[in-house]
Amino acid sequence: MEMFDIKALRKCLNTRFIGRELQYWPEVDSTNAMARRLAAEWAVEGTVVVAEAQSKGRGRAGKPWYSPPGLNLYLSVILHPAVEVQKAALLTLISSLAIADAIDAEGGQAQVKWPNDVLLADRKVAGVLAELQALGERVETLVLGIGVNMNVSQDSLDQALGKTAWGATSLKEVLGREIDRVAFAVTLLESLERRYDRFRASGRKAIVQEWKAQSCLGQRARIIERGRSIEGITEDIDESGCLLVRLDDGSLLHVSEGEILPLPHR
Ligand code: BTN
């Protein structure tokens, strides 16, 4: 099994703060849990935790994240964005855009799916678990946990995940070749820094526009929100990162949390 070459990542990464402080673990419970432990004792902005494998990799909505060694990318980035809590959801969208940039650099055509998934050939290849710590109305720490299925085989994924509502796949399965995890992580972290800088310089508008341009909005979908299930067309996102869904009666539903499952158009 080829291990992640953390030395090469340190050497190649051309960033000002993201990944300047870089921790590598052959195995952790979860890079997000580790990043939160580090942040609790104060970690500098841009600290990155990378793991070869996770014994308790976490997905959104309390789901596990399949994290075998030697194949994929599992990392968490610690940010201290000093924005209001309402702006954090929007800020987290930069992580799926950065993943999409790294996939595009490998010759793929990635799409982002609300809230923070990345699709390739209509199947999920990456996800983001964002966890924040607030002090009053301000975000103190935002941990962006990024998982990318890179070289794992379809068979292993199917065995581990069973039949998922939104089929999961890997970059290798779609692009037809092994992907260099270090080169991918370099592009991803450099793009994340660029996008984060832009967010701080020019605010929300740019993110919303760029996210929309790369998204798979406009689909008929089932929205699972706070235990209820509603159908509609995913129409837009607003300036706080909420998804706007056009329901069949013509009204517009604002969804701030939930899962979106695609349905055939009627
Ligand atoms: C999802 O789509 O459900 C989010 C998946 C996030 C997985 C990553 S892997 C690195 C980081 N550590 C975790 O425990 N989870 C995130």
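Residues are numbered from 1 along each chain as its sequence is written, and side-chain values use heavy atoms, with hydrogens and water left out. Because the model is predicted, local features need pLDDT of at least 70 and side-chain atom pairs count only at pLDDT 80 or more, while totals for chains, interfaces and linings use all residues.

Let's start with the overall layout. The chain is assigned domain 1 (6–213) and domain 2 (220–262), with bounds that come from an automatic or database domain assignment. Their C-alpha centres are 24 Å apart. Where they meet, 17 residues of domain 1 are in contact with 16 residues of domain 2 (contact means heavy atoms within 4.5 Å).

Now look inside. In soluble globular proteins, nonpolar side chains tend to be buried together. A nonpolar core here is a set of buried Ala, Val, Leu, Ile, Met, Phe, Trp, Tyr and Cys residues joined through side-chain atoms within 4.5 Å. Buried means under 20% relative accessible area, exposed means over 50%, and partly exposed is in between, using a 1.4 Å probe and protein chains only. The largest core has 63 residues, and Leu-9, Ile-99 and Phe-184 touch the most other members. Helix α3 (residues 85–105) is the top contributor, with 11 residues; helices (H or I, at least four residues) and strands (E, at least two) are DSSP runs, numbered from the N terminus. Both domain 1 and domain 2 supply at least three residues to this core. To see one of its members at work, find Ile-99: leaving out residues up to four places away in sequence, its partners include Val-118, Ile-146 and Phe-184. There's also a second, separate core of nine residues, with Val-28 and Met-34 among them.

Helix α7 (residues 204–213) is worth a stop too. Its buried residues are Ala-206, Ile-207, Val-208 and Trp-211, and they pack against α3, β4 (110–113), α6 (181–202) and β9 (228–237).

Next, the ligand. Which residues are closest to it? Of the 20 that surround it, the closest are Ser-30, Gln-54, Arg-58, Arg-60 and Lys-124; a residue counts as near if one of its heavy atoms lies within 4 Å. A ligand oxygen is 2.7 Å from an N or O atom in the side chain of Ser-30. A ligand nitrogen is 2.9 Å from an N or O atom in the side chain of Gln-54. On its own the ligand exposes 420 Å², and the protein buries 97% of that (areas come from the Shrake-Rupley method with a 1.4 Å probe; for residues, only the protein chains shown count as cover). Strand β6 gives the largest share of the shell, four residues.

Arg-181, in helix α6, counts as buried because its relative accessibility is 8%. Its contacts beyond four places in sequence include Glu-2, Phe-4 and Glu-52.

Most residues other than glycine have a negative phi, and most peptide bonds are trans. Ala-61, though, has a positive phi near 55°, and Asp-122 has one of about 65°. Ala-61 sits in the loop between β2 (48–54) and β3, while Asp-122 is in the loop between β5 and β6. Ala-61 counts as exposed because its relative accessibility is 67%. A cis peptide bond links Trp-114 and Pro-115, with omega about 0°.

Note on methods: A polar contact is a pair of N or O atoms within 3.5 Å; within protein, one must be able to donate a hydrogen and the other to accept it, and residues adjacent in sequence count only if both atoms are side-chain atoms.
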